[in-house]
Amino acid sequence: TLRKPISQSSMADWASKNLNMHTQGIFRRRISISNMLSWNGGSIKKPMLITSNRTIKKESCEMFKLVQSYMGDRQTRMDRNHVALVTVTKCWSMQGLRDELYIQLIRQTTDNMCYRSLAWGWELMAISLAFFPPSPKFQSYLEGYIYRHLDSDEKIAQHIKELVDLKNKKITKSRKKRKQNTEDEGLPISTYAKYCYRKLHKVAVTGGKKGLRKPTVEEITHARNAILTPSLFGSSLEEIMLRQQDMYPGNKLPWVQTQLSQQVLALGGEQTEGIFRIPGDIDEVNALKLQVDQWRIPNGLSDPNIPASLLKLWYRELEEPVIPQQFYKECISNYENPDAAVAVVQLLPELNRLVLCYLIHFLQIFAQPSNVGKTKMDVNNLAMVMAPNCLRCQSDDPRVIFENTRKEMSFLRMLIVHLDTSFIKGLV
């Protein structure tokens, strides 16, 4: 369900307060807001957004050229992957450039008469959202812009046609025309917009790419491919099972879940102190995530904390938690009753039930006294680190969240101690 974004008038009000109004001509006349937010074939002399940072001022103008290069509106010797990499790396390294990039993309995808350029502008926005969110003060403006393109393909095609007709009437035959392309090339704009809308909400909560390593070409390619091919992370269980149907048609459980779990055990995770509590190196986790999303598990892993951290991330990022939201109240109501807690599991949809039982069976291995002596992670500790990845409290009240956190942990503890998961052995 999509919440209603800010109104058009609120967006106009935001723009009037935050845009760094440009001027033109020898009399330095101010450009109107509508022109400031319409496609521009030339360069810009100052940032789109008000800033006092000299570095941001300089970099913003250079970045506008990169945006034009990626969209095919400016010639460059770099390939588009490299242009995207330079652009994203600038903004990832320099937080003050992020909103500037998004407002530049909004400008270059507004009143754009070339469909290919328009699509590439939206593509760059989708790629950027995989690496960093806008600032909280700019998020609602960007959300409003994306929202208005969720179902607008016919309007866009008609608008491009009208703009081209108007331009052709004004332009003289002697002047060189910009190559027009009103045909649908590639994906509909609504496909990009829907992806960007979901990605914006997700990145606003989880934050962007973490770690010290700069973005790579592989990550850029992966971010672009994710527009059409959903990632194994952040999707629903049903989508994940659908994706693996061709490669692993007989599997009853998500490949990513079973493979990462087996990797933790293969690397001696059940004998590793602080497993699931001590995070793996974030850059190594990011690198593994990239490979897992391509259905690959590398041979060179040595630290069980890396697949363990990625496994926790996979559970945490599921579009809907392993225990669906409609069962949440029932779980926290039965956090002290073993029979009732086990009964809730039997009520879950079949796929969720299997995924949860596999997780509990996995955790029961770590809860064995012989392993607890080495890991220092008893059943209480395991429940504490894993409960937030299985249950999600919807309340915004800190007191409710605090109280429910204790109940969530207790509920998961009940399952680790009392749920019979012997049927999971051999199930993949």
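Me: What does the side chain of asparagine 18 make a polar contact with?
Reply: In this predicted model, the side chain of asparagine 18 makes a polar contact with that of lysine 137, at 3.4 Å.

Me: Which residues does asparagine 18 touch, leaving out those up to four places away in sequence?
Reply: Asparagine 18 touches Met48, Leu49, Ile50 and Lys137.

Me: Is asparagine 18 buried or exposed?
Reply: Asparagine 18, found in helix H1, counts as buried because its relative accessibility is 17%, and the cut-off for buried is under 20%.

Me: Turning to helix H7, what span should its 12 residues have?
Reply: At 1.5 Å a residue, helix H7 (residues 136-147) should span 16 Å; the end C-alpha atoms are 17 Å apart, which agrees.

Me: Which helices do the buried residues of H7 pack against?
Reply: They pack against H1 (8-18), H5 (98-108), H6 (115-129) and H9 (189-206). Among the buried residues of H7 are Phe138, Tyr141, Leu142 and Ile146.

Me: Now the backbone: what is phi of tryptophan 295?
Reply: Phi of tryptophan 295 is near 60 degrees, a positive value in a residue other than glycine. Most residues other than glycine have a negative phi. Tryptophan 295 is found in the loop between helix H13 and helix H14 and is buried, with a relative accessible area of 14%.

Me: And where is lysine 376 found?
Reply: Lysine 376 is found in the loop between helix H18 and helix H19. Its phi is also positive, about 60 degrees, but lysine 376 is partly exposed, with a relative accessible area of 47%.

Me: Where does UniProt place the Rho-GAP domain?
Reply: The unreviewed UniProt entry places that domain at residues 235-423. The span is 61% helix and 0% strand, and its end C-alpha atoms lie 27 Å apart.

Terms used:
Residues numbered from 1 in each chain as written. Predicted model: local features only at pLDDT ≥ 70, side-chain atom pairs only at ≥ 80, totals over all residues. Heavy atoms only, no water. UniProt positions renumbered as here; feature names shortened; annotations may be inferred. Helix = DSSP H or I, 4+ residues; strand = E, 2+ residues; numbered from the N terminus. Expected span 1.5 Å × (residues − 1). Buried < 20%, exposed > 50% of the residue type's maximum accessible area, 1.4 Å probe, protein only. Contact = heavy atoms within 4.5 Å. Polar contact = N/O pair within 3.5 Å; in protein donor to acceptor, adjacent residues only side chain to side chain.
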